[in-house]
Each structure stands twice: as C-alpha cells, then as structure tokens.
Amino acid sequence: MDEIVFGSLYAEEDRKWNEEVAMKAGLKPSFPVWISKGESSQLLKEFITLGFSAVICRASANVFDPSWAGRMLDWDFFESIHNKQDCCVMGEEGEYHTLVMDGPIFSKRIHLVKSGVVLNSGLWSLDIEDCQLLEKKGGIDCIS
C-alpha cells in the first residue's frame, strides 16, 4: 500500500476525514507533524527558524482583514498572530492557509512576480497572476 502525507496538526475531525479519504483511495495516511494544540507556537517558531518561507494564500474574512493575504510567515507574522484573539497561530481551525515558497530542503524556490487579493467564499485569497520557479545555486537565484 502506498502512503499519503497530511499536514494536519491536532484537529481530530480533520484527521478522521483525511484517514477516510486515504483509505478510500487505497493509501495509508501519515501525519508527521501531529502535535498537541499547545505545541502550535513552537512548531511555527521552528518553521521560521529552520529557514522555510511561506505566504498566506487564504485568510478567513471573519478573522483577518485583506492585508493578511499575501503576508509572509516571518517573525513579524509570528508576533502579530500571537496577538490575535481566538486564533490558532498555525491556522489549524481554518483561520488561514499557506503556500510554502522555499526551504532548506528544496533546490528551487517560488518567486511571486505579480499577485492581488480577492474575496472568495468568505476568504481573502491571494490571486497569483505570475510567478517564477528559481533554481538555487550557491545563494544566487537563477530563472529555470
């Protein structure tokens, strides 16, 4: 049986749905970052510290204003999200979703050239109009 990996953190409902979908597809579900709710802040800190880069691609209009879509997960974000009331810092309750753009384990990175923000089904969504996949060679980006 092949395996499928999910990024669910601690939401039991989400995990159960993922498991059902995986089983129906004949796949073994795997949850490598399954943590307790209290470990969310540490996981975000580790993500940033390790040098990963992600952008908020969708943000709940019930929680955030449009400026949050397109925002990078960096130390400013870390501080701001901890000041939000009733919000998981990792967005596990659907507050926001991300697109990982770069990380130390990748040979290429995504560079957003042009994007905007639109309201779509109650979510501020990053409307990516143009992007580039850049090769990472010795700290210098090259268009591939």
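These questions and answers cover salt bridges and a nonpolar core in a predicted model.

Reader: How many salt bridges does a search of the whole structure find?
Author: The search finds four.

Reader: Why is the pair Glu-19 and Arg-15 called a salt bridge?
Author: The cut-off is 4 Å between a side-chain nitrogen of Lys or Arg and a carboxyl oxygen of Asp or Glu. The closest N and O atoms of Glu-19 and Arg-15 are 3.1 Å apart, so the pair counts as a salt bridge. Both residues lie in helix H1, four residues apart, about one turn of the helix.

Reader: What makes Glu-19 partly exposed?
Author: Buried means under 20% and exposed means over 50%. Glu-19 has 28% relative accessibility, so it counts as partly exposed.

Reader: Why does the pair Lys-108 and Glu-135 count as a salt bridge?
Author: Their N to O value is 3.8 Å. The definition asks for within 4 Å, so the pair qualifies. The pair links distant parts of the chain: Lys-108 is in strand S5 and Glu-135 in strand S6, 27 residues apart.

Reader: Why is Glu-135 called partly exposed rather than buried?
Author: Its relative accessible area is 21%. Buried requires under 20%, so Glu-135 falls in the partly exposed class.

Reader: Which residues have the most contacts inside the largest nonpolar core?
Author: They are Leu-44, Phe-77 and Ile-81, in a core of 24 residues. Helix H2 gives the most to this core, with four residues.

Reader: What is Leu-44 in contact with, leaving aside its neighbours within four places in sequence?
Author: Its contacts are Leu-73, Phe-77, Phe-78, Ile-81, Val-89 and Met-90.

Methods. Residues are numbered from 1 along each chain as its sequence is written. This is a predicted model: local features need pLDDT of at least 70, side-chain atom pairs count only at pLDDT 80 or more; totals for chains, interfaces and linings use all residues. Side-chain values use heavy atoms; hydrogens and water are left out. A nonpolar core is a set of buried Ala, Val, Leu, Ile, Met, Phe, Trp, Tyr and Cys residues joined through side-chain atoms within 4.5 Å. Buried means under 20% relative accessible area, exposed over 50%, partly exposed in between (1.4 Å probe, protein chains only). Helices (H or I, at least four residues) and strands (E, at least two) are DSSP runs, numbered from the N terminus. Contact means heavy atoms within 4.5 Å.
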